[in-house]
Amino acid sequence: MTTRCVKKSAFTLVELLVVITIIGILMSLLLPAVNSVRESARCTQCKNNLKQIGVASLGHVEKYGSYPSSGWGYKWVGDPDRGVGPTQPGGWVYNILPFLGLEMIHDIAKGAAELPNKGANSKWIKLKEAKSAAIPMLICPTRRKVLSYPAKEDSYNADQPATLNKTDYAANGGSVVFLGAGPSIDCLEQHQYPDCAWTNADQSRFNGISGELSEVLPSQVTDGTSNVFLIGEKYLNPDLYFSGLDGADNNSALQGNDWDTNRWVEKGPMRDTKGVETMST
């Protein structure tokens, strides 16, 4: 009887190392391509956000006849019982929420008890919930994730949550910077509105599309609506994307006129630059 030895095939250590090396090289070649595809998808999402915001703004024009106002000032957030235009304390983001399919955020405090009531069912508490609700259409994923971020502000008409919704987009405030907190809280608590002491009572130099107390009609855009910015991505310091410490990113997206939600053409456009604060650009 003849006995034959059958040699079993197997990888040697050298062959295994060669295979692993080849796989590593292939992965190093593929990863940049995968990352490029992901970044392209994120850029597409940013552009789609702007498209949705633009369509929502035109929906506002169609219903109310004017572009969304930027409200009163940085100490005020939107109030569902105060309509649109000069009577509405919230900014352009708040005003277009119903046209983005986000009525549930816009109307969260509808019919709730007015200031100075600060009970559980008051606007003071309900608007706190609205300020903390993250809104996907307002965040560009090339910059940061759709989350609510640390709060570094307070509002006259709403309690302060631990985190706030933010926006990566700002409206065209024109060539003249108008900044202020808005009317004193005493004005509402003493039922004096609209006879309030406004920070920027004289708006005669306003020439933007959305600003404090604005009601801009399409017919007033004399350069043509296709030649004028409505809303675009805003500049931020990358070091402060997530901290809420940037003075132009510390408030809720639902607030009134401020650097967080509006920009002015006295500051030229530039790419986000580490270490360069928004107000110094």
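Q: Which pairs of atoms make a disulfide?
A: A disulfide is a pair of cysteine sulfur atoms within 2.5 Å. In general, such a pair is joined by a covalent bond. In this predicted model, Cys-46 and Cys-140 form a disulfide, with 1.8 Å between their sulfur atoms. The search of the whole structure finds one disulfide.

Q: Before we go on, what should I know about the model and its numbering?
A: Residues are numbered from 1 along each chain as its sequence is written. The model is predicted, so local features need pLDDT of at least 70 and side-chain atom pairs count only at pLDDT 80 or more, while totals for chains, interfaces and linings use all residues; side-chain values use heavy atoms, leaving out hydrogens and water.

Q: What is the handedness of the disulfide?
A: The torsion about the S-S bond of Cys-46 and Cys-140 is about 85°, so this disulfide is right-handed.

Q: Are Cys-46 and Cys-140 buried or exposed?
A: Buried means under 20% relative accessible area, exposed over 50%, and partly exposed in between (1.4 Å probe, protein chains only). Cys-46 is buried, at 2%, and Cys-140 is buried, at 2%.

Q: How buried is His-106, and which residues does His-106 touch?
A: His-106 is buried, with a relative accessible area of 13%. Contact means heavy atoms within 4.5 Å. Leaving aside residues up to four places away in sequence, His-106 touches Pro-80, Tyr-94, Leu-97 and Pro-98.
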